[in-house]
Amino acid sequence: MVKKIAIRVDTNEKIATGHVLRCMTVADSLVRMGAETVLVSADEGVVPFARGHEIGVHVLGTDWSDMESETDALIGYLKAENVDAMLVDSYGVSAPYFDRLREAGIRVACMDDLCEEAYPVEAVINYNPAAVFMEYERLYVGSGISLFLGESFIPIRDQFTQVRESLGRGILVTTGGTDSLGAADAIIRSIPEDSDLSIGRRTGGRPGTFDGIHLLAGRYFEPTECILRAIETGPVTLHRDVSDVASVMARCRVAVSSAGSTLYELSAMGIPTITFTIADNQMPNARFFAGILGAEAGPEALGDADAVEMKSGVTSDADASAVRTDCYMPYAGDFRTDREGCLRRVCAFLREAASMSDEELCRRGSRLRSLVDGRGADRIAEILLEVSRR
């Protein structure tokens with residue numbers, strides 16, 4: 001019998017597109033495995049993402065910011081359509097929300113990267129590499145709930161595993177779907193002001209190390225006047241709401257990225273990156289990639305926050321525990337609280353990258369690619385099919 005799996009997810013000008021993109025990747029895997037799959041959303045924000053895929057969409061017509069109010073409509077739909085199991089991917093859920101689904105006999109798995117509350121579900125998935133260092137085992141001890149933690153479950157799209165061997169010469173800048181903090185504007189302003197960086201211009205008769213800045217943004221991103229001027233004059237190319245993100249990344253030598261799901265795509269592409277945080281839920285990612293794990297230690301464990309290097313992983317995070325000597329991605333800091341420090345460290349990273357040989361960049365890229373094997377979405381799909389059989 002064909003299994004029917006629902007995925008509850010939203011996206012809009014407030015909710016980053018990373019949620020729906022990873023859900024689409026899992027949905028495509030489910031379809032390949034023979035399951036009938038449908039996205040369930042409060043409004044029509046997810047509809048454009050499903051076009052061209054063998055995936056259904058059901059719009060509840062509810063308030064995405066008040067998910068507990070949707071349970072009657074959601075349960076009614078799931079029951080009417082004989083849905084076998086559901087994946088929920090939202091920060092708006094709560095234990096009472098899942099209690100209501102369980103009482104109705106709905107089998108549920110959830111994405112949870114916060115580890116703040118135990119949910120009454122069948123399975124919990126957190127694909128962040130740092131998840132294995134969090135408190136899930138303690139939180140769910142004796143519950144019988146299955147935990148699936150770590151990078152084996154990273155749902156990466158196929159386009160990112162088709163690794164390009166050639167090195168691009170651009171700088172990728174990506175700051176999340178909507179960039180509500182204006183990080184993209186600040187970063188783009190700071191790079192040309194750094195006299196040691198040569199972006200798309202000749203110095204001493206030779207071309208600059210970087211041929212331009214590629215700004216990757218979501219469909220709800222609105223460029224500032226500064227960014228529009230930079231696009232008009234040439235240093236910046238805006239890539240907004242593009243489907244083939246990998247082709248944009250392939251044009252870049254290094255990247256500056258907020259610590260969201262894009263880090264896994266950059267890892268799969270092997271692009272050395274400096275990262276920063278713009279939300280609390282991004283901190284575990286940033287800490288993992290910077291090699292900061294373990295028990296708390298004093299600031300002396302952090303090194304010099306103003307000397308960020310690709311090899312050192314130094315960070316301004318004062319409550320961090322330890323710094324590996326060869327991190328995956330250095331951490332520039334929290335943009336919300338240390339804006340100027342972040343910008344300074346980003347420029348330091350780019351100066352160092354400009355001096356690196358292609359061989360060294362390839363070596364670092366190979367280490368990043370080792371984190372992502374490309375089968376995470378299939379593994380999550382298999383989890384959902386197993387949940388549907390319980």
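Predicted model: local features only at pLDDT ≥ 70, side-chain atom pairs only at ≥ 80, totals over all residues.

Which strands does it hold, and in what order? It is an open sheet of six strands, ordered β12-β11-β8-β13-β14-β15, with parallel pairing. β12, residues 236-240, and β15, residues 331-334, are the edge strands, each pairing on one side only. On average, neighbouring strands in this sheet are turned by 15 degrees against each other, direction ignored.

Two helices to mention here. Helix α9, residues 262-269, packs on the sheet and touches β8, β13 (252-258) and β14 (273-277). Its direction makes about 160 degrees with that of β13. Helix α11, residues 339-355, packs on the sheet as well, touching β8, β13, β14 and β15. The direction of α11 makes about 170 degrees with that of β15.

Back to β11 for burial. How many of its six residues are buried? Six of the six, so to speak a mostly covered strand. In a regular strand, side chains alternate between the two faces of the sheet. In β11 both faces are covered: G212, H214 and L216 are buried on one side, and I213, L215 and A217 are buried on the other.

Next, the cores. The largest nonpolar core has 62 residues, and I7, L30 and M249 have the most contacts inside it. Helix α13, residues 376-388, supplies the largest share of this core, seven residues. Leaving aside residues up to four places away in sequence, M249 touches F160, L172, L216, T262, E265, L266, M269 and I271. A second, separate core has 32 residues, including A230, F349, A353 and L361.

Q159 is found in the loop between β7 (146-149) and β8 (170-174). Is Q159 buried or exposed? Its relative accessible area is 18%, and the cut-off for buried is under 20%, so Q159 counts as buried. What does its side chain reach? The backbone oxygen of S243, at 3.1 Å. A polar atom of the Q159 side chain also lies 2.8 Å from the backbone nitrogen of A246.

Last, a helix pair. Helix α3, residues 71-80, and helix α4, residues 95-103, pack at an angle of about 35 degrees, and their axes are 11 Å apart. The crossing of α3 past α4 is right-handed. In the contact, T71, D72, L74 and I75 of α3 meet Y97, R100 and L101 of α4.

How values were computed: Residues numbered from 1 in each chain as written. Heavy atoms only, no water. Helix = DSSP H or I, 4+ residues; strand = E, 2+ residues; numbered from the N terminus. Buried < 20%, exposed > 50% of the residue type's maximum accessible area, 1.4 Å probe, protein only. Polar contact = N/O pair within 3.5 Å; in protein donor to acceptor, adjacent residues only side chain to side chain. Pairing = 2+ DSSP bridges. Axes fitted to C-alpha atoms, helices over the stretch in contact; angles between N-to-C directions. Contact = heavy atoms within 4.5 Å. Core = buried A, V, L, I, M, F, W, Y, C linked by side-chain atoms within 4.5 Å. Left-handed = near helix turned anticlockwise from the far one by under 90°.
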